[in-house]
Amino acid sequence: ARLRASAREIHAMDKESTSLSTYVTKLGVDVKVGAERLNLNGSPSTIVALLSTIESLDPFWGGSSESRKAAEEERIKIEQKKQLQEEQTKLQYQRDALLRIFNSVDVDGSGSLQEEELQKVVRTLFDRGSLGYNDKLDAGQQPTAEEIERERDRLISFIDPSRSNDVSFPEVDAFLFRIANNIDDNNLIPKIEVTGVNYLRNFSDSDTFLSSFALRKLVYFDDLREYAAMHEVYRLTGHSDLSNHSSFPAPSLWRQSQGIEMFWELYTRETGCSRDSLNDHDIFAVQRKLVRVLCNYNFAKFCWKSLVQPQLRVNADDDVTMRHVTSHWVLDKDPKIKISTGVIERLLMHVDQMSKLNLEKQRRHFRVKFHFDVCIAASVDSAVLCFGSAHTFADPLVEAAFSSISLQLFSLLSDDGGFVAQRPTGNHSVESNKDDFVDDDNNVVQFRSTLSVMFLNTKHNHMECFIEPYPCFGHASYKIVQHDPHDNFPDDNEEFSFSINLHCPRFFYINASPAFFETASIFAKTISESHPESYRRCVHDRDVAFVRNIWDAQFQAEPTEKLMAKDALNVLRLAAITHWKDENEGLSPEEKENMVLDIFGKVERYEGSHSSHIHFSAIEIALRVYSLRSNFAGCKEIQVKNNVGRELQVSSNSVMKSYPSFQSSSRANLGYSHVIKAGNSAAIPLQEETNFRIHSLRGKLSLSTPGYKRIDNVIVSPYQSAMFSLKRLKRKHGKRRIYRRARNASGFSPYLTIVPKSAQLDVISLHIRTCVTFRTEIPVNIRIVRLASLDHLRKRGSKHLLDLTKKNFIAVLRQLVEGAPIVYEKKGISESIGKKNYSSPIPLDVLDSSHFHCLLIQDATNSENNSWRDPILLTKDFLLNPMHVGEITRCHAMSGILVQKERLNVKNSDAKDKYFADNASNRSILRRTAWDTTI
């Protein structure tokens, strides 16, 4: 990394006055960072660690509730004080602006204004163009002469209620101060205190009606249809007996046709239009002005239809360009007056704008600005972002690789934290190369990299390409455009734009295979389940399962739910030595013993201090409190569930001896060799400790069940299901052993199917079962019985095949199952939510037996007289026979079952294979596939 800084001073003269100058100090910062390789390895445990860290630091950031409340109150006080200071400063500038306006109107310098000067002020306020602003009112919006007189009288009535024709500056100042601060008869003390001015402190001694300004607003009309005065009607028509609800006389009867000329003179003077044309004025503005001039909505409408509209139609017939212009009365659709401000409101607006201009000038007067010209360049040769299981032997779910990364950032910042609208002229303050940029924007980020993405094919456990190496480059820019550089308020005259340009030089290939969508589904599910609550629940389940294994090991013959208090304490001590050894590393023996006694003290509190026996439920409750710790050892263990139907030996050693004696007091046997009974589970560590050294086992297990050859080098995958072939063990000629595959009656080759259940937080749970599984969607009871000889159902000339085409095949099976011995039975199997036994694998002793077996199914609903369904012969020909699809489908339908099969990879676990040598890679070689069957 390298950091450079340089500075230079820029002098710029202000455009309005040579006495106002701006000094800019430009600080150039150049940062360059480089790295050869950057690896970011993400996993569910990483996400939980970050979320838990933020959650644990929240009290330190926010503090206690009392401190947060006090800090909030202090912040509100500071903001109120700051706001009050800003309002006082603003008020002072407004009073200064009002004084300059007063002096400019008081041309004779007498210190007071007369009615003629006030009338000039009123006309000037309505003529915004004379004040230097762009929103000048057009002729249709200009006030009438009568409205000018009314606004003048209104202003004088408030400023000079005694009509002395002598208005001083304190009277104008006090009046506008009352209006701006909402001072009335109910609110006499202003919120903003003006020091040194007595007449602005308290208005309780005022002898005028202070609420008159608010009440005066009520006489201003919002709807043009409220105009109903008759004085202009009488003047133009000469008829004094008319009312607003009566019909008006024809224009030819107005003062013997002289009223028509009086109307046209008034119309052209006030609206700016001629008799035969609107002169490009808006028809809405013209008609509104006509209503305000005549002070009567109905009379203005009558004059328009009888005098103006006929002249406009005649002109439209003569001039083709005027035919599209409408001449109808349009105010019935929108009768709003469209004038919301009077002379007082416009005077306040003008004073406010003058004060803003003066305040901006004062801020820019001899100001020293700091511009930070920042240049950051980063270069990384290779960066890899992985997300998946935290186990070192498992491939990631997603791997994104970036190579030849180049990132450059150029930005010009101001001292107030914003971006500078224009870059000052001159060379760049630091050495940088901007030749590659498409423009010379102030704020640009340029990037260039080569991207490639791989994803894990969870079915075959190998990485596939999602995006092949693809080069891309581009830039992102943030612009500040100032339309008028000579505007008095530049902040109100700026536009911001953000753009990203990404250049793709060639065809973009994406692998959207079904395997990718399966991986994406696993990825989304893993992210959604990675939160601290799942972490605590997972740690608790692991602790309970491991302690339960040690608990059951105390009494191998018959597990019990309670132990003597001394034996229960020894179980916790043994768990601290084996399961919690990483957490206790570095603690003294006394500290380790105190930790165990602390847990046991919680157990006695739940169990009762006078009890001599400890139930396992009390230990489970105590472990729920202990599981709130911040250590997770899930990546060092694998949960193994035995669903084979017989005893299963599992070891994390690469070489497993014949049948080890399981001694609960032996640490080596307990930690690295497990005998799991049918239906139970155990936590197998993935490290082997020998001679005070820890060796990583790379996710390989050894499996063995009595009577079969041991399976070594079982590679554990968090996502892929695999099958392993079993070979029966027989003994001949003394101690010599030979292995051969024995013929069984079912026709299924003996396989062990390993199904991983990759839960959240990198926990791998292996379900080891046979290759045939029973699954149900309704509550049922199942029973497997052993049949006698089926010689009369065999095919002619065959000793092993059965003739499925016989018509009485199912009837013979019904007779054979009656009174047959039961070898396996399970009740209440259901796939409902909350049931753990939603499926039941067929035991290995049934599939690899020389006897035929039948599966019986009974509905376990509440209805009475639930009979057993037709028997299901557990043979490969009966379940999966493509040669007799019609016959087996009919038999399956009679029994109410559906047989599904899935082809899985069969792994070769031969220890002599060169691909499984210690110096070889961790991947296995696919030899063949086999069917995994589900009933």
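Okay, one definition before anything else: a crossing is left-handed if the near helix is turned anticlockwise from the far one by less than a right angle, and right-handed if clockwise.

What you have on screen is a predicted model, where local features need pLDDT of at least 70, side-chain atom pairs count only at pLDDT 80 or more, and totals for chains, interfaces and linings use all residues. Numbering runs from 1 along each chain as its sequence is written, and side-chain values use heavy atoms, with hydrogens and water left out.

The overview, then. The protein has 21 helices and 32 strands; these are DSSP runs numbered from the N terminus, helices being H or I with at least four residues and strands being E with at least two. Of the 935 residues, 41% are buried, and buried here means under 20% relative accessible area, with exposed over 50% and partly exposed in between, using a 1.4 Å probe and protein chains only. Contact means heavy atoms within 4.5 Å. Among contacts with a separation of 6 or more, 68% join residues 24 or more positions apart.

Let's go to the helix pairs, starting with H3 (residues 115-126) and H4 (residues 145-159). They pack at an angle of about 120 degrees with their axes 9 Å apart. Axes are lines fitted to C-alpha atoms, for helices over the stretch in contact, and angles run from 0 to 180 degrees between N-to-C directions. That angle makes H3 oblique to H4; the scheme is under 35 degrees for roughly parallel, over 145 for roughly antiparallel, 65 to 115 for roughly perpendicular, and oblique for the rest. H3 passes H4 in a right-handed crossing. From H3, the contact includes Leu 118, Val 122 and Phe 126, and from H4, Ile 148, Leu 155 and Ile 156 are among the residues involved. By class, that contact has six nonpolar, one polar and four charged residues. For the classes, Ala, Val, Leu, Ile, Met, Phe, Trp, Tyr, Cys and Pro are nonpolar, Asp, Glu, Lys and Arg are charged, and the others, Gly among them, are polar.

Next, H16 (residues 616-626), which packs against H15 (residues 589-607) at about 130 degrees, axes 8 Å apart. So H15 and H16 are oblique to each other too, and their crossing is right-handed.

Buried or exposed, what is Thr 705? Buried, because its relative accessibility is 2%. Thr 705 sits in the loop between strands S18 (700-704) and S19 (711-715). A polar atom of its side chain lies 2.8 Å from the backbone oxygen of Glu 647.

Then there's Leu 3, in strand S1 (residues 2-13). Leu 3 counts as exposed, because its relative accessibility is 62%. Its C-alpha is 6.7 Å from that of Lys 32, 29 residues apart along the chain.

Definitions and conventions: Polar contact = N/O pair within 3.5 Å; in protein donor to acceptor, adjacent residues only side chain to side chain.
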